[in-house]
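Student: I have a model to go through with you. Can we talk about its pockets?

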Amino acid sequence: MLPIKVKKRASLLAVFLTVSVIGIFLILSALNKNILYFNSPTDIKFKQDIDFNKKIRIGGMVKKNTLDINNQEIIFTVTDFKNEIKVSFRGTIPNLFAEGKGVVAEGKLKDKKFFIADRILAKHDENYMPPELKNIIEENAK
Amino acid sequence: MFSLFYNSNIFIWIERIIKFINSIFFIFLLIGLSFALIFSPPDYLQGDSVRIMYVHVPAAWIGLSSFSLIALLSILHFIFKIKNLPLITKSVAPIGLMFTCIAIVTGSIWGQPTWGTFWAWDARITSMVILALFYFILILTHKFISDENKANKIACVVAVLGSINIPIIKYSVEWWSTLHQPASIKITGTSTIHPSMLMPLLFMFFVLILYCALIFLMKYKTEIIRIKKKNLKRYD
């Protein structure tokens, strides 16, 4: 069997590890709300105390056929397929911003259904493929 | 079992392995880079900026796996007091720090054209910065604490604490909503990355691992020489 000294050290380490894991778990669960980089439209809907003067981030998919770009502003709808928020934005958009793609908008809520963004970030998904393949998939879908 | 490490033949072996890696490394690097930068297809959405992935992803993997290795070896050293394990962790730490920094910097450069920002305080990126800080503390411990036993003990505590961060980094994209996209390459289940891009990625990972081995062996050799010069009678 192992010497007693080794056993002592192993148990000391196990106790230390367990305590620190529990500690970090508690810290993270207390901070859970703040770690979220953005809120989904559903989060906004059920949130009780919304500060309309504070900058927040909302995120989701740009709903298809809702993107409207005119001279003054860009209007689109962010959806998480349960709830939606309309977003208005003036400024430049990143390259990957498109209908049906993920988006994160930074700005202020006007009310629970309307959001005025002053910064738009594109959130891309985990799919990588060559363009030819994408065309084939799209043709098959038709 | 560990006689290989104690034997002074180890110098000859290290020299041989370094020479061997040196002879193949640049050829492999050229092949890997030409596949990553020229022969692999652009992405359907991101175009050519996807090529940053071939450095970013392997660098992040190496950053994570070296810390896991350091944590594992530190625990083994703490429990069984195997004398040369601290030398290994000491040699791995700078490599891990370098690749973690590479992952953060390339990710930031990649973020600008795709997301539209260099920096975001989302869970994945922040936890990666914390990993870099842990590496930094590890290296500083060995630099500034001259009593070796003390330094090894403190480094062990740092490594164990830092190892809790590893699963947090891995699962941060699933537990919380982040700007960073979820993992494309899964150990179980199908990867969402096309094989024509996956192969160069894995090859680049292999090339960077070779580079790590090279740096590690050089550093490990210096560490052993340093110990021998100190006349601590650890290798007889």
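Tutor: Start with chain A. Helix H1 (4-35), strand E1 (56-62) and strand E5 (102-111) each supply at least two lining residues of the second largest pocket. The model is predicted: local features need pLDDT of at least 70, side-chain atom pairs pLDDT 80 or more, while totals for chains, interfaces and linings use all residues. Residues are numbered from 1 along each chain as its sequence is written, and chains are lettered from A in the order written.

Student: What makes H1 a helix and E1 a strand?

Tutor: DSSP runs: H or I over at least four residues for helices, E over at least two for strands, numbered from the N terminus. H1 spans 4-35 and E1 spans 56-62, so the labels apply. H1(A) gives the most to this lining, with 3 residues.

Student: Which residues are closest to the centre of the second largest pocket?

Tutor: A:Lys33, A:Asn39, A:Lys47, A:Lys54 and A:Ile56, of 19 lining residues. The pocket holds about 490 Å³.

Student: What makes a residue count as lining a pocket?

Tutor: An atom within 4 Å of a pocket point. The points lie on a 1 Å grid over the protein atoms alone; a 1.4 Å probe fits, and the set is open, with protein on both sides within 12 Å along at least five of seven lines.

Student: How many residues of each class line the largest pocket?

Tutor: 23 nonpolar, 11 polar and 3 charged. H3(B) gives the most there, with 8 residues.

How values were computed:
Heavy atoms only, no water. Nonpolar A, V, L, I, M, F, W, Y, C, P; charged D, E, K, R; others polar. Points joined across faces, edges and corners; volume = space filled by probe spheres on them.
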